[in-house]
Amino acid sequence: MKKIYGCILVPVLLAACSQPAPGPAALHVQAAPASPAAALPRLHGEVLRIDPAASLITIVVRRGGRFALLGHDHVLAARAIEGEIMPGSGRAALRFRLDQLTVDEAALRSAAGLASQPSADAVAGTRDNMLRKVVEAERYPWVAVAVEAAAPGMVNADISLHGQTRRYAVPAAIGAGSGGMAVSGAFVLKQSDFGIVPFSVLGGALQVQDAMELRFDLRAR
């Protein structure tokens, strides 16, 4: 049971054997037109390019079930983010590859308040199970996001994952200056929104929770 989803989990984040803490509130989701995840739409007008060296997306997936304390929560991170923001029209497009995600970086676990660090074997098992069995990264390698400004402090984000696209209303803090832009926020989405079945064993006694906590901090120049 030790290497169950690498000490259990899929996309990943948080407390290695502590009680899960409450995360951001779940948001309304609706179907959005499907779009190819491998290609970014072309934006016209003044365009700022996302700086991958200064940008980060983290995903938290928590353990669940009656035997949850036998597992770990984990942190997934996307750093190789590419895309563009067009300030004039309030639009943006970005994407990243699932097979380039990192799992359980020590600094990110610490920042998330996780007291322990899973073993190298547990991390490797988590990554393998997540990519190969759950999100099918070979078949669906890209996550793509198309964004449009909505109300003040809110954007609509069409997220394409696992061959399906869903629309979320996402709170976002947006700042501009010095020829650049910063965008940050957090929200919750479900694996089942995209037809993904959360990982589980022992008849669900040890499982991955459906909800994933996603946080983003993007810089564009």
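**Figure 1. Antiparallel pairing of strands β5 and β6 in a predicted model.** Strand β5 and strand β6 (residues 91-97) pair in the antiparallel sense over five bridges; two strands pair if DSSP finds at least two bridges between them. Helices (H or I, at least four residues) and strands (E, at least two) are DSSP runs, numbered from the N terminus. I85 has A92 as its bridge partner in β6. Four residues lie between the strands of this hairpin, and G90 takes a positive phi near 65° there. This is a predicted model, in which local features need pLDDT of at least 70 and side-chain atom pairs count only at pLDDT 80 or more, while totals for chains, interfaces and linings use all residues. Residues are numbered from 1 along each chain as its sequence is written, and side-chain values use heavy atoms, with hydrogens and water left out.

**Figure 2. Strand β5 and its pairing with β2.** Strand β5 spans residues 82-86, and four of its five residues are buried. Buried means under 20% relative accessible area, exposed over 50%, and partly exposed in between (1.4 Å probe, protein chains only). Strand β2 (residues 48-49) pairs with β5 in the antiparallel sense over two bridges. Here E84 in β5 is the bridge partner of R49.

**Figure 3. H74 and D104.** H74 is placed in strand β4 (residues 74-78), and D104 in the loop between β7 (102-103) and α1 (106-111). Their side chains make a polar contact at 2.5 Å. A polar contact is a pair of N or O atoms within 3.5 Å; within protein, one must be able to donate a hydrogen and the other to accept it, and residues adjacent in sequence count only if both atoms are side-chain atoms. H74 counts as buried because its relative accessibility is 0%. D104 also counts as buried, at 4% relative accessibility. The phi of D104 is near 60°, a positive value in a residue other than glycine.

Figure 4. D193 lies in the loop between β12 (180-190) and β13 (200-201). The residue is buried yet has no salt bridge, and the nearest side chain of opposite charge, K190, is 6.0 Å away. A salt bridge is a side-chain nitrogen of Lys or Arg within 4 Å of a carboxyl oxygen of Asp or Glu. For charge, Lys and Arg count as positive and Asp and Glu as negative; His and the chain ends are not counted. The side chain of D193 makes a polar contact of 2.6 Å with the side chain of Y168.

**Figure 5. D158 in strand β9.** D158 belongs to strand β9 (residues 154-161). D158 is buried because its relative accessible area is 15%. The side chains of D158 and R167 are joined by a polar contact of 2.6 Å. E148 is ten residues from D158 along the chain, and the C-alpha atoms of the two are separated by 8.7 Å.

**Figure 6. E136 in a loop.** The loop between α2 (120-134) and β8 (142-149) contains E136. E136 has a positive phi of about 50° although it is not a glycine. With 28% relative accessibility, E136 counts as partly exposed.

**Figure 7. The protein as context for the close-ups.** The protein has two helices and 14 strands. Of its 221 residues, 47% are buried. Among contacts (heavy atoms within 4.5 Å) between residues at least 6 apart in sequence, 73% join residues at least 24 apart.
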